Amino acid sequence: MASVYSGAGDGRYGSVTVRGQVEFGLQYNYKAGALEIQIKQCKDLAPVDVKRNRSDPYVKVYLLPDKSKSGKRKTKVKKHTLNPVFDECLKFHMSINELEIRTLWLSVWHSDMFGRNDFLGEVTMALENKVFDDPTPKWYNLQERSEPFDDMLSFKGDIIVCLKFIPPDMTVHKKGKRSRGSLHILVKEAKALTAVKANGSSDPFCKSYLLPDKGRHAKQKTPVVKKTVNPVWNHTFVYEDVTLQELAERSLELTVWDHDRLASNEFLGMVRFSLGTGKYYGKSVEWMDSTGKELNLWKSMLERPNFWVEGCLPLRASVTPRLT
């Protein structure tokens, strides 16, 4: 059987035929604000070492859609057995409400000394409306890989943004000079950002540019919100002296970063609003690459001057322009 390496670089799928069961229990610790997964044992796992009829298994858990490195929990490896006993408790610190949008992805792997770990099976369980009233461990049959989770790798959370264009006649005159209009951006909050700090959180802030301007003076930033992956900023950026016609040719870029006092800030995700034409006054540019919700919100803002338009948008995993 051909083996396929996983997109996460965690190992390979299809090198063995999945069999066996895993025993685990779930409970929510309200005092600690954490989901606790009690991994008991597995039985009758597939042997990777067929000659000796054994594997070196361990269990790995994610709460999808977060498939970041910091969102992974795993047990110790048990050597030379198809019936490993783990008796380990894996914990995820998050509110009971946050669990509503999560899916438990528990997978069993053979640990390879060269890092090419082999997939031994999985159990997936949606946690929406899940009642954690019985922590007693239960047996679950291990399944073949149900679907590629590669798109989960790119999940970086969501950002809630409001946009408004204020026309010239509504704009305050400054220094006797009449403004041509102004763009207002209310960055409300972000949800389910990647946790990059050792304490399982981040110190996020949001940065704004109205492209193509990327100079130091063109940058605007929110304050840093400490120790959270669900920051609430409610911060407004304003770009003065712009017209609707100019905004149709430009792109608003919002990037989210984890603030680090000692090292460089870490990129957490981004959105880019534009009409997605791929062109700036007829010249091809990479940053006019908006699609979907990004494009629609920008279009709504241009079509409805002096009205706030609001959207909840998935953060892109990379600053690399989308291929058109």
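A salt bridge here is a side-chain nitrogen of Lys or Arg within 4 Å of a carboxyl oxygen of Asp or Glu. With that in hand, we can start with E98 and R102, whose closest N and O atoms are 2.7 Å apart, forming such a bridge. Please keep in mind that the model is a predicted one.

## Salt bridges

By this rule the count comes to 17 salt bridges. Three of them are set out below.

| Salt bridge | N to O distance | Relative accessible area |
|---|---|---|
| E98 and R102 | 2.7 Å | E98 17%, R102 7% |
| D241 and R180 | 3.2 Å | D241 29%, R180 35% |
| E253 and R272 | 3.0 Å | E253 5%, R272 4% |

Are E98 and R102 buried or exposed? Buried means under 20% relative accessible area; E98, at 17%, is therefore buried, and R102 is buried too, at 7%.

The bridge between D241 and R180 has another setting. D241 sits in the loop between β15 and α3 (244-247), while R180 belongs to the loop between β11 (158-166) and β12 (182-191), so this pair ties together parts that are 61 residues apart in sequence. D241 counts as partly exposed, and R180 is likewise partly exposed.

E253 and R272 bring two strands into the story. E253 lies in β16 and R272 in β17, so their bridge ties together parts that are 19 residues apart in sequence. E253 is buried, as is R272. Through shared partners, salt bridges join K214, E253, R272, D289, E294 and R316 into one network.

The chain is divided into domain 1 (21-141) and domain 2 (157-315). Taken over C-alpha atoms, the centres of domain 1 and domain 2 are separated by 39 Å.

The largest nonpolar core has 37 residues, and those that touch the most other members are F24, L35, I37, I39, V61, L104 and L127. Which elements give two or more residues to this core? They are β3 (21-29), β4 (34-43), β5 (57-64), β7 (85-93), β8 (103-110) and β9 (117-126). Strand β5 gives the most, with six residues.

Leaving aside residues up to four places away in sequence, I39 touches E23, F24, V59, V61, T75, F86, D87, E88, L90 and L106. A second, separate core of 31 residues includes L183, I185, L297 and L313. As general background, nonpolar side chains in soluble globular proteins tend to be buried together.

## Around strand β9

Eight of the 10 residues of β9 are buried, so this strand is largely enclosed by the rest of the structure. What runs beside β9? Strand β2 (residues 11-13) is joined to β9 by two bridges, and the two run parallel; R12 stands opposite D118 in β9. Strand β8 pairs with β9 in the antiparallel sense over eight bridges, with T103 standing opposite A126. β8 and β9 form a hairpin with six residues between them, and G115 in the turn has a positive phi of about 90°.

## The open sheet with β16 and β17

Four strands form an open sheet in the order β14-β13-β16-β17, with antiparallel pairing. Here β14 and β17 (266-273) stand at the edges, each with a single partner strand, so one side of each is left without a neighbour in the sheet. Seven bridges join β16 (residues 251-258) to its antiparallel partner β17, and L254 stands opposite V271 in β17. Helix α4 (residues 292-303) lies across β13, β16 and β17, running at about 50° to β17.

## Backbone points to check

Most residues other than glycine have a negative phi, and most peptide bonds are trans. Where does this model depart from that pattern? The peptide bond from L211 to P212 is cis, with omega near 15°. P212 is found in the loop between β13 (204-211) and β14 (220-221).

D87 has a phi of about 50° and lies in strand β7; with a relative accessible area of 44%, D87 is partly exposed. N234 has a phi of about 45° and is found in strand β15 (residues 232-240). N234 also counts as partly exposed, at 49% relative accessibility.

Key
Residues are numbered from 1 along each chain as its sequence is written. This is a predicted model: local features need pLDDT of at least 70, side-chain atom pairs count only at pLDDT 80 or more; totals for chains, interfaces and linings use all residues. Side-chain values use heavy atoms; hydrogens and water are left out. A nonpolar core is a set of buried Ala, Val, Leu, Ile, Met, Phe, Trp, Tyr and Cys residues joined through side-chain atoms within 4.5 Å. Buried means under 20% relative accessible area, exposed over 50%, partly exposed in between (1.4 Å probe, protein chains only). Contact means heavy atoms within 4.5 Å. Domain bounds come from an automatic or database domain assignment. Two strands pair if DSSP finds at least two bridges between them. Axes are lines fitted to C-alpha atoms, for helices over the stretch in contact, and angles run from 0 to 180 degrees between N-to-C directions.
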